[in-house]
Structures are given as structure tokens and as C-alpha cells.
Amino acid sequence: MSASDAKIVDAQAGLESGMTALVGALAGINMISGAGMLDFLACQSAEKLAVDAEGIAMAKRLLSGINLQTETLATMFFEIFNFHGDFLKQKATRELFPQEQYLPSVVIDRDSIRGWQAAGRLDTFARAKERVRHLLAAYQRPPLAAEQERELKTLVETLARAAGLDTLPALPD
């Protein structure tokens with residue numbers, strides 16, 4: 001689910017990943033493990049992972065259904081405005097909207113054409129690349145007891161040697 005046969009992060013990758021995430025979610029699968037994968041699982045892309053996270057979040061939002069935020073679906077609220085559309089300007093609408101709507105990260109562009117142009121005309125891949133850069137810069141290693149870290153390092157080194165890998169990349173302190 002969410003994997004793609006595409007070789008690069010492009011429309012094919014987005015289509016295949018989004019559709020399989022949605023189909024999996026609708027089928028009741030509760031773990032989607034192909035996010036970020038390209039070339040039928042042969043390659044992992046951090047940028048595709050950022051895009052796939054948005055598709056998975058949209059599928060999860062769809063599964064949650066329509067939530068009743070008010071007792072009567074706010075029918076009295078609508079009667080006040082005679083369905084003239086003024087309800088979009090109301091404080092109650094602004095309060096309820098974020099609870100009902102899935103609002104994606106900056107990877108997904110929801111701006112006008114002018115806003116998109118003013119923001120640098122970035123495509124989805126470029127926005128995903130920026131998101132990855134931001135997430136990596138903000139990452140902080142969780143605290144781990146020195147003994148636990150040594151045990152984990154020994155375990156990984158043992159498994160790597162068994163798989164034919166002589167050395168591992170150095171970890172930052």
C-alpha cells in the first residue's frame with residue numbers, strides 16, 4: 001500500500017500511492033507500509049514519504065466519516081442566514097471547520113495561482129524536499145541509556161555482518 005512502480009516522484013507515483021492507500025484504508029487495512037517506496041519497493045524516497053503522509057492522512061480522514069459537531073447539524077444556524085452563504089463568515093464556522101476538514105501540511109498547495117507564484121512557484125516535489133529538510137533539521141534524538149545504546153549497536157552490527165556488511169555508517173554523537 002502506498003508503494004509505486006514509478007521510478008521518480010511524479011504523477012504516476014502520486015496516483016498509485018494515493019489510490020492504494022485509499023483502497024487499503026477502505027478495505028480495513030490498519031497498517032500501510034509502502035509509503036515512500038518507488039520502483040516496486042526497490043527504492044525509498046524521503047520526499048515521496050512526505051507526499052504519501054498527506055495521502056494517508058486524507059484516507060484516514062475519509063474513514064472517520066462525518067462528525068456531528070453540533071446537536072442538529074447546526075440547522076438553526078443556517079436558518080438565521082437564509083442560506084445566503086453568510087455562514088462562511090461566522091465565528092462558529094471558523095471554529096468548526098478545522099475540526100471537520102483535513103488541513104494538509106505545506107507539501108500540498110492549497111493557495112491561489114497568485115499565492116503560488118509569490119511563494120516561488122514550487123512544485124510538489126520541491127515542497128516535499130523543503131518539508132523533509134525542515135523535519136530533519138528539527139529532529140532530536142530521543143534520550144537513551146548508554147547501556148541500551150550499546151546493546152542496540154551490537155545487535156545491529158551483528159545483523160549487518162550476517163548480511164555481509166563489514167562496516168556501518170558512523171552515527172553522530
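How many helices and strands does the secondary structure of the protein chain come to? Colour the chain by secondary structure and you will find 7 helices and 2 strands, where helices (H or I, at least four residues) and strands (E, at least two) are DSSP runs numbered from the N terminus. Read along the sequence, the pattern is α-β-β-α-α-α-α-α-α.

Before moving on, note that this is a predicted model, in which local features need pLDDT of at least 70 and side-chain atom pairs count only at pLDDT 80 or more, while totals for chains, interfaces and linings use all residues. Residues are numbered from 1 along each chain as its sequence is written, and side-chain values use heavy atoms, with hydrogens and water left out.

**Stop 1: the whole chain**

Show the surface. Its accessible area is about 12,900 Å², and 62% of that belongs to carbon and sulfur atoms; such areas come from the Shrake-Rupley method with a 1.4 Å probe, and for residues only the protein chains shown count as cover. Of the 173 residues, 20% are buried (under 20% relative accessible area; exposed is over 50%, partly exposed in between, with a 1.4 Å probe and protein chains only).

**Stop 2: helix α2**

Select residues 46–63, which are helix α2. At 1.5 Å a residue, these 18 residues should span 26 Å, and the end C-alpha atoms are 26 Å apart, which agrees; the expected span is 1.5 Å times one less than the number of residues. The buried residues of α2 include Glu 47, Val 51, Ile 56 and Arg 61. The buried residues of this helix pack against α1 (11–26), β1 (37–38), α4 (91–100) and α6 (124–138).

Now pick Asp 52 and Lys 48, which form a salt bridge with the closest N and O atoms 2.6 Å apart. A salt bridge here is a side-chain nitrogen of Lys or Arg within 4 Å of a carboxyl oxygen of Asp or Glu. Both residues lie in α2, 4 residues apart, about one turn of the helix. Asp 52 counts as buried at 5% relative accessibility, and Lys 48 is buried at 1%. Just after α2, Gly 65 takes a positive phi of about 75°.

**Stop 3: the core**

Next, select Ala 50, Val 51, Val 107, Ala 128 and Val 132, the largest nonpolar core. Such a core is a set of buried Ala, Val, Leu, Ile, Met, Phe, Trp, Tyr and Cys residues joined through side-chain atoms within 4.5 Å. Helices α2 and α6 each supply at least two residues of this core. Centre on Ala 50: not counting residues up to four places away in sequence, Ala 50 touches Val 107, Ala 128, Arg 131 and Val 132 (contact means heavy atoms within 4.5 Å).

**Stop 4**

The whole structure has 5 salt bridges. In helix α6, Arg 133 and Glu 130 lie 3 residues apart, and their closest N and O atoms are 2.3 Å apart. Then show Arg 141 and Glu 149, whose side chains meet at 2.8 Å, N to O. Arg 141 is partly exposed at 42%, as is Glu 149 at 30%.

**Stop 5: two backbone angles**

Which value does phi take at Ser 2? Ser 2 has a positive phi of about 75° although it is not a glycine. Ser 2 sits in the segment before α1 and is buried, at 1% relative accessible area. Asp 39, with phi near 50°, is in the loop between β1 and β2 (43–44).
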